[in-house]
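This report looks at charged side-chain pairs and at backbone angles. Please have the sequence and the structure in view while reading.

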Amino acid sequence: MNVSPQKANLNLVRPLILASCSPRRKELLSQIISGFEVVPSDAEELKVHEDGPVKLVETNAKLKADSVASQNKGHWVLGADTLVFYNDKILGKPRDIDEAVEMLLFLSGKSHKVATGVCLQCMELEFEKTFSETTRVQFKQIDKSSILDYFSHVDPLDKAGAYAIQTFSDLIIEGFEGSYSNVVGLPLEKLEKVLSQLI
């Protein structure tokens, strides 16, 4: 279920900052743009939003971008936030292995969604664009034994929903509809369109 890396071909006039310390987002962004800085955001993220998970990731992406952009007004700043959810039930990062097992047992045999909110802004230009992408992921029927086998290959504790589509996904995932990179942490197809309009 791998996707071939794209060639980085976007060169913005102003420098770009990725407001995230996620190695997955850094790797994804490097596929479409050459040269950017990483400055982790210290924004306080919201846990819930009255308008649901998609609005929540968009709001958190903007909060992350705002906190870094306020100190780098002449730069493009990119904030992002990803959530795994089933209906309106949000599955964040598990506290421990037991909770991680519970999460995957809950997702077993079900189709759930992964949403990533993205905020791109430059304060000096008074430009801001916030958008999101949602991908549907179908899980296989799995039991505790197969989950523990999966966890022997993948550490679930730093991952929303306790899984990573890019690592040994054949053990737990049947398929997906939509953007693969969105599930990893950044919707490259939509983001590349937005960035290409700024060149």
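## A pair within helix 2

Lys 62 and Asp 66 both lie in helix 2, which covers residues 53-69, and because they are 4 residues apart they are separated by about one helical turn. In this predicted model, their side chains form a salt bridge with an N to O distance of 2.9 Å.

Lys 62 has a relative accessibility of 29%, so it counts as partly exposed. Asp 66 falls in that class as well, because its relative accessibility is 21% and buried means under 20%.

With a relative accessible area of 31%, Lys 190 is partly exposed.

Asp 158 and Lys 159 meet through their side chains in a salt bridge of 2.7 Å, N to O. Are these two residues buried or partly exposed? Asp 158 is partly exposed, because its relative accessibility is 33%. Lys 159 has 12% relative accessibility and therefore counts as buried, since the cut-off for buried is under 20%.

Salt bridges can also be connected to one another here: Glu 45, Lys 64 and Asp 81 are linked in a network. How many salt bridges does the model hold by the rule used? The count comes to 8.

## Positive phi angles in one loop

The loop between helix 4 (144-151) and strand 7 (173-177) contains Ala 162. Although Ala 162 is not a glycine, its phi is positive, at about 70°. Ala 162 has 0% relative accessibility, so it counts as buried.

Phe 168 is also found in the loop between helix 4 and strand 7. Its phi is near 50°, again a positive value in a residue other than glycine. At 46% relative accessibility, Phe 168 counts as partly exposed, because the exposed class begins over 50% and the buried class lies under 20%.

Definitions and conventions. Residues are numbered from 1 along each chain as its sequence is written. This is a predicted model: local features need pLDDT of at least 70, side-chain atom pairs count only at pLDDT 80 or more; totals for chains, interfaces and linings use all residues. Side-chain values use heavy atoms; hydrogens and water are left out. Helices (H or I, at least four residues) and strands (E, at least two) are DSSP runs, numbered from the N terminus. Buried means under 20% relative accessible area, exposed over 50%, partly exposed in between (1.4 Å probe, protein chains only). A salt bridge is a side-chain nitrogen of Lys or Arg within 4 Å of a carboxyl oxygen of Asp or Glu.
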